[in-house]
Each structure stands twice: as C-alpha cells, then as structure tokens.
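Hello,

Here is the structure I promised to pass on. My notes on it follow just below.

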Amino acid sequence: MRHRATWLAALTAFGMILAACGDSAGTDEGDSGAITEVGEGEGALSIVAWAGYIEDGSTDPAFDWVTQYETDTGCEVSVKTAGTSDEMVALMTGSDEFDLVTASGDASLRLIAGGTVQEVNTELVPSWSTVDERLQNAPWHTVDGKHYGVPYQWGANVLAYNTEVFGDTPPDSWSVVFEETTLPDGESNAGRVQAYDGPIYVADAALYLKSTQPDLGINDPYQLTEDQYQAALNVLRGQRDLVGRYWHDAFIQIDDFTNEGVAASSSWPFQVNVLVGAEAPIASVVPKEGATGWADTTMMHVNAPHPNCAYKWLEWSLNPKLQGDLAAWFGSVPAAPSACDGNELLGPDGCTTNGLDNFDQISFWKTPTEDCNGTGGECVPYYRWVTDYLAVIGGR
Amino acid sequence: MTTSTSPLHRLSASLYRRRRLRLGLLLGLPVLWLVGVYGGSLVSLLTQSFFRIDTFSGTVDRSPTLQTWQQVFTDANMAVAGRTIGMAAAVTIAAVAVGFPLAYYIARYTSGKTKSAMVLAVLIPLWSSYLVRVYSWKLILAAEGIVSWASGLVGMTGVLGWILDLPVIGGPSLSTSTLGQFIVFVYIWLPYMILPIQAAVERVPRSFLEASADLGGRPATTFRRVVWPLALPGVAAGSIFTFSLTLGDYIIPTVIGDSSPFIGLAIYSQQGVAGNLPLAAALSFIPIVVMALYLTGARKMGAFEAL
C-alpha cells in the first residue's frame, strides 16, 4: 500500500507536467451540456463520490442502490471515490470524463465559481419537490437563484460522550472539549477528549467562541477576521493540552472510545451508531452552541458525457429507498424526509438518531475564502487554516 | 550449422558486433525510468516549490518567487522537521542497541537449522501487513490494553504512571505518548537493522578474533577494536533503512502518539488538504536534503559495501 502511494505520487507528478503542457484546451465551450428533456440513456454514468456513498452491494449485499438503477435505465455506473473535497475539485476540473460529483459545501461553491458544474433544470427531476424545503435553496448549491445540484445527504458533527463518565448529567456545551474541567466522574478531562484532525475544525472553535465570547462579533464561523481567527486558534492551543489524540479515521476513534477511555469528542453520527450498536456506553448531543456539519449535493459536470443518464440518476438519487438505505449506511440524514418512514435498514427512529431535528443548529461546512465567501470584507482563507492548525497540533 | 542464418541468430550476431547498441538496449529502459520519471519528478518538484499559492483563489500562481521557501523556515515547520529527525535518530540508535546483540548471536552462535529458524523469526513479521502490525500495537499500548493490564497484575501501575507523567515522552496512555510511538517505530523497522549487521558480522573471520585473544585482548577489547569496526558498515547500512523509513513514515504518527505532525504528514496535508502544492514541494526537500547528508556520511563508513 505504501509502495503504491509512492508510485502514485511519482505518476501524479509526471502527469502534472503533461497537464501543464496541455492546459489551454477545452475551457470555453459554453453551456453545451444543458438539455431540456431527458431522453434515452447513453449506457454509462461516471460519478465522483465519497467512499460508501454509491454502494452496489459489493461491500454488504443489503446495501445496494446501483443495481436497480442500472437495470431500469441501462446506464452502467462507474464510481471514482475521493477522500477529500480538494480531491473532488481536482478530479472534476481536471477532466471531462465525469458526469456527477457528490460535493460537500466546502467544494460545491468552488465548482460553481470555476464553471465546472452546470445548472440543473429541476423540472427534469420530478422528485425535486420531495427534497427537504430547508435544503432546496441552500446557499451551497444555489447561486443567483439557479440550482447547481440536487441535495443528497447531510449530517452534523455531534458531541459524543461516554455515559458512564457523565452519568445523569449529559454535557450540554462544547466546553468539555475546549476548556479544562472536572467531569462528573470526579476526574479532569485532560487527556480524555479528542478533536477532529482537519483544519475545518477551526470553525468548531469559532462556533464555540460565537456564544461564549459575543464581544468578538463572530457571525459565521467560516468567515473570520484576523482577530476572531487568532482567538479561535488560542482556544485550539489550549485544547492541545487536553487532547490525547486527534482523530480523522472514524474507526480509530471507535477504537479509542472503546479502549482508550475517551470521555468526550467531536464525532459523526456514524461512529456513535456503530458504538451504540456494539452496546458501548456512548451517546451524543448537539450542544447549546450548535454544531458544524456537512451537506452534500450531487452536481453535474458542465461537459458531462452522459447527461441523460446523469439526470436519470439525479431523479433516482432522491427515491426514498435509496435515501433511507444510504442514511442507515452512512449515519447521515436523507435530503428527502419521506425516506425516514418505513425504511427497514434505517428503522423507525433512524433519522432522529442521525440528527434530523438538529438542522437549525448546524453551521454547514464551506470553504473559507479571503473575500468572506463573496460577502465583502477580509477573512482568513482556508490555506492558512491548514498551516496554522498543523502548527497547533504540533504544539505551537 | 544451417540454423545460423535464422533471424534470431542474425540478430544476436549483429548485436554482438555493435557493442553500443547492445548496451543501449539493455540499459535504455532503466535509464529512461531513472532520468525521465524519477529525475523528472524531482525537477518538477523543485520547480513547483518556486511557485506560490494565490491567496485569493487558492490556485497555484506559476510565476517564480521565493515566498514559499520563506514559509518553510517558520518555527512550526522547523519544529516538525526537528521532531521527525529526532525520532528517526532515536529509533536508529535503539535499533542498533537491540538489533546488534541479536544479529551477533545469530551470526556467531547459531548454524544450520537454528540459524534458519532465527532468521525466519526476524523476517516473519514482514510477511504480515504493516497496517495490521501498527493497529495491533495500538491495542497493545491502549489505556485499557495488555501492557497496562499486565502492569496492574504485577503491581507496576505506579511505575507506568510515573513514566507517562514524564514530560516530552509521556502522555495520557502509552498509545497516545511519544514513548509508545518510539516503541512501535523500533519494532516495525528492527528487521531492517538486524539483517545487514548479521551479514557484516558473519564476514568477520573467526581467526581475527582468535588472533586478538592470542595477543591478550579481553573480549571487551576484541569487540571494541576488531568486531565493531568491521561490523560498522553493516550498522551504517541498517541505519540507512531505519533512519530513512522513520523519516518518511506518515502512518504511524497518525495511529500512535499524540498526533503531532511529522514531515510526511505535513507534506500530505499541504498537498492533499490545502491544495498548497508549492509548500508541499518545498517541504519535501527537507527529507531529501537530510537523507543526502546522511548517505554521504554512511558512504564514508563503508555502508554501501555492506548492502
């Protein structure tokens, strides 16, 4: 595996030289991909997706929402998984071979601004009306009243905690992971909390400051002025002394909750579901300060080679069975709320467990930009978040 | 000899006459690989490091600048480099300390089946996946893992607690401490230290040791003045493996330890997460320069003759 990574790195470097040579081709084709009605499928469909998002039953036969689509439409699905939002952006901007991408909020606006994805004609997606109304006009896929994608799934970064440690008084504030405190079991939280090992976590600190230090005037945790940003970094530096390990791999965190005596951490419903399923003493809340979260949108490439199959998928992606199965698989919340009822894999309370009622308390991920996401003013851009968060974890 | 006119024979005859063509065909592909793909990547990497990331759009600005290199020499990045190099050096020294006696024993005191069995025992861990071994260590060292359970059984919990309270190497549990990380690094790379040392010790003629003893050399003197100098190339060769493998590793620091970034991890984040290719490229030159210096030193110690 390590060897393969090395080869890939070498090949990528080589590929970049080639790409740099042939960069100028194929950028000015206008809106050629827009269609007015969905015709016969082209026989194939190519999707860039998060791992676990497009399951064809090969991981677990119970989770399959591709085979039926292929039978119905004759479009054979191929999936290219990506590990980060940046990888998704690179794949989509770098080629014309992909039709769709399941972009999170920190990628979608970049794709729209770069002219990589095309406007979606919602009239060609009959199930559009079943999409959660709160998502229909969400700012991460709607620009100037135009929709650039179909909502797929969303979820929150919840506060997971150990019920044996907290007993009858579940935590109601992120302070248990940001400030040194004595937990209900009588011991300090130092060394017993975790934090997310990704720069976007700076927003979690900013969200905490938003309510605990209103003087800073933080409005949106992804649009921070220099002063607000430094305050957030200071919170994170203090947190460094409390954190035993930063997590980025869901399974490592599951193991740490089981074997390392972790008392509380920012987490995903996915880990919580797995742990609860294994009868570990773990529960989760969205604290009073709110939480950060992600909302993914299926977007269509401006030069999608199979637009008819792509539209058929956009419609298919909203069907209650798929939405419910996916939510059960991924620990997320369906974009189409009707999927919450009567899904066998999800169970009657699945959507509530995964956070359906928390929508209003969530600040959804988006990429911090220097122009404050186009709202004017001066904000600290994402690449600095990366450098500085690395330094914080390194103890600086 | 009618077959001598077959095409294959004519080809081989003509190749025999044209030495340069023969050499070209033989080495052409490897040289193309080394110079084109490997060297080309390095040049591309170096070129990238003189670009910078545009603060507004987050895209790479391809006009030459030294700005990215200035970012390399910040406190935080130097701390990352220092931590990585320090760990690599510590792991190398520990691997020599643990590996040398074992290698010496295998080379000097075993033969036949016992020797094969011992070499096999050293090699067997390499047959299982690196990730599996790292994750197993995570469980062994966990707060509720075997080590802490066993130390409780023999009444050593206090000792373990005292060790974990030490600054720098301590932490909430062994698996989240720098000490635990060090133990895992040593375990993972140890075979690469043992094998070259064993090969080097085996090449020390027994008569040298006897001669030393005849001349009145005590075992310690013999070791210091005969065995160690002759085995040094093997030690240097092994240290190249342990040092460079630790320097470049970016998996162990994410699974074991307190998540403090190593160089490999920093490069990965800058490239994969931030999309800051220029800075990632510039950071890549830290391990390249360190290894170049290290290899120069190792060559002086004769490491390349012992490989």
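Let me begin with strand E13 of chain A, which runs parallel to strand E15 (residues 362-364) of chain A, with 3 bridges joining the two. Strands pair if DSSP finds at least two bridges between them, and strands (E, at least two residues) and helices (H or I, at least four) are DSSP runs, numbered from the N terminus. Within that pairing, A:Thr292 has A:Ser363 as its bridge partner.

Before going on, a word on conventions: this is a predicted model, where local features need pLDDT of at least 70, side-chain atom pairs count only at pLDDT 80 or more, and totals for chains, interfaces and linings use all residues. Residues are numbered from 1 along each chain as its sequence is written, while chains are lettered from A and ligands numbered from 1 in the order in which they are written.

E13(A) also has antiparallel partners:
- Strand E7 (residues 150-156) of chain A, over 6 bridges, with A:Val150 facing A:Thr298 as bridge partner.
- Strand E3 (residues 100-103) of chain A, over 4 bridges, with A:Ala103 partnered by A:Thr297.
- Strand E4 (residues 117-118) of chain A, over 2 bridges, with A:Gln118 opposite A:Met300.

Is E13(A), residues 291-301, mostly covered or mostly open? Mostly covered: 11 of its 11 residues are buried (20 or more other C-beta atoms within 10 Å of a residue's own, with C-beta atoms placed from the backbone).

Best wishes

Notes: A residue is buried if 20 or more other C-beta atoms lie within 10 Å of its own, exposed if 12 or fewer, and partly exposed in between; C-beta atoms are placed from the backbone.
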